[in-house]
Amino acid sequence: MGKRTKSGTAQSKETENVPAPSLNRREWIHLGIVLAVAVSVYVTHSLLRFRNFDAKGYDLGIFDQAVRQYALFNAPIVPIKGVDFHLLGDHFHPILALLAPFYWVWDDPRMLGIVMALALASCAIPIYLFTRRRGSHVASLLAAIAVLAWWPFQAMVNWEFHEVTLGVPVMGWVVWAIDARRHWLAAGLSLILLTVREDMGVTLIAIALVLALRKAWAQTALLVVAGVLGYYFATEVVIPHYSPDGEFGYWQFTALGPDMSSSLLYMITNPFAALAVLFDHPLKVGLWLLHFVPLWFLPFLSPYTLMAAPLLLSRLFNDRLNLWAPVYQYDAIISVVFLMAAIDGLHRAVGWWAKRGKTRSRMMTIFTASVVGCAVVGTAFFPQVFPFHRTFSGELWTKKEKAEAFERAVDLIPDDVCVEAADNAIPHLVDRTYVSLHGVIGDTLSTWMIIDTDVEELGGWDPLTPDEALVRAERLGFEVVTEDDHGVWVLQRDAPVDPVCSSYLPGD
């Protein structure tokens, strides 16, 4: 196994040169069982949410419309975002086109939940292999279970789908490849991230920094150039070309500056003020604690943490409060890096004071078991952060009267019409109508509406309230079809169906 080293750096180099032990059939079966259980839980939670009308147009409906159009070999026009809205004018995620074949099998929004389950569960493989180079089979299996049961993965599944889902396993394999000193493979996998989202260009530069620490100069140069060019191409060429406003609309860092250059200058000239922004709200502090306390702050001992830094810091610097909350899809991709960094950090720390063998293996098992324990306790007692609580407690298994009311409303809507619907009704209409949110597609296209008066707002970037939607419906000549069925209203107006509506989806 090698000689004892006093230096953490030397210990790290020694580990890099030790290949992972070959897995026997029994170990592969154990890992396969973990993956199968995770997929089953993810799919079950997703399907129950869909059945209960918990899934929403933002984001499940948006991505269904995009992938559905890709499957038809059309541009990703998404009515939920607006008339003739090309989704590449919102974010840069051409990787979504690869999901088209899944819709040839089953063209249903629930298919995205299945794809997401498979993608997230596959992350267990690189994490297991990464840990196996440092610990026992048990510790490695616990690490795989830990990431699959951890709150960021639960939050991602609870959010139905997001393009970042497809980048989560890629990031895990990038860390594994760097750790195995397969630097060209790591660089090649990193390039895939450019197709996931426009901000991944900055992540590539962070990955390049880690490769530079390994003195992989050619790969470092490649990723720096690719990261800069990829970010520029996405935000200055593609998105402005397709955006209705002709520009990239997601620069929201006014605490730092109106644009990237001024923000960078502010961080250089006012580093302490910029640092304070990262902790200036309880949600931000909570996010730091949720990520690092259960991991014993060990990620800070590993250079791999640098790879997740741009994604985490960009959220905390952002103006949008919802980006700071731990209930959305944003944390899954960085949680993979942080767990692997924690495992690497523990390996380094133990190497400073303990011999190889039982002590190191025991510490790795204790650590991974503690993370699994946190996930179990969180799921049992903290449903706000661990949403699988609703599945395991039985709450999601009971179909509520509100869901049945939505179901009755959706059944009244004919095929191939334009509909303005409440956010929760949209995923149940995307496969047979031209559906959008209230007030998004103008005043002339829709002939049907579904309004939920029990919510504060009806969904979207600039949402209408239920009262505003009802007043607007009356002004546009809509008449009530069903009134206040557990808060759900269905309205219709006598007008011809616009060809835009009837031609959006192909007929049977």
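Mentor: In this predicted model, the charged end of Lys284 lies over the ring of Trp324, 4.4 Å from the ring's centre. A charge sits over a ring if NZ of Lys or CZ of Arg is within 6 Å of the ring centre and within 35 degrees of the ring normal.

Residues are numbered from 1 along each chain as its sequence is written, and side-chain values use heavy atoms, without hydrogens and water. The chain has a mean pLDDT of 93, with 95% of its residues at 70 or more.

Let us turn to rings that pair with one another. Rings of Phe, Tyr and Trp (its six-membered ring) pair if their centres lie within 6.5 Å; planes under 30 degrees apart are stacked, over 60 edge-to-face, and the rest tilted. The count by this rule is 17 aromatic pairs. One of them is the stacked pair of Phe53 and Phe406, with 5.4 Å between centres and 10° between planes. This pair joins distant parts of the chain, 353 residues apart: Phe53 belongs to the loop between H2 and helix H3 (57-71), and Phe406 to helix H20. Both Phe53 and Phe406 are buried, a term for under 20% relative accessible area, as exposed is for over 50% and partly exposed for values in between (1.4 Å probe, protein chains only). Tyr328 and Tyr330 form a tilted pair, 6.1 Å centre to centre with 55° between the planes. Tyr328 is partly exposed because its relative accessibility is 21%, whereas Tyr330, at 17%, is buried. Elsewhere, ring pairs link Phe279, Trp288, Phe292, Phe300 and Phe338 into a cluster.

The helix that holds Phe406 deserves attention. In H20, Ala403, Ala405, Phe406, Ala409 and Val410 are buried. They lie on the same side of H20 because they cover an arc of only 155° around the axis, taken from the directions from the helix axis to the C-beta atoms. Glu401 and Asp411 are exposed on the other side of H20. The buried residues of H20 pack against helix H2 (25-51) and strands S3 (448-452), S4 (479-485) and S5 (488-492).

Conventions. Predicted model: local features only at pLDDT ≥ 70, side-chain atom pairs only at ≥ 80, totals over all residues. Helix = DSSP H or I, 4+ residues; strand = E, 2+ residues; numbered from the N terminus. Contact = heavy atoms within 4.5 Å. pLDDT = per-residue confidence, 0-100.
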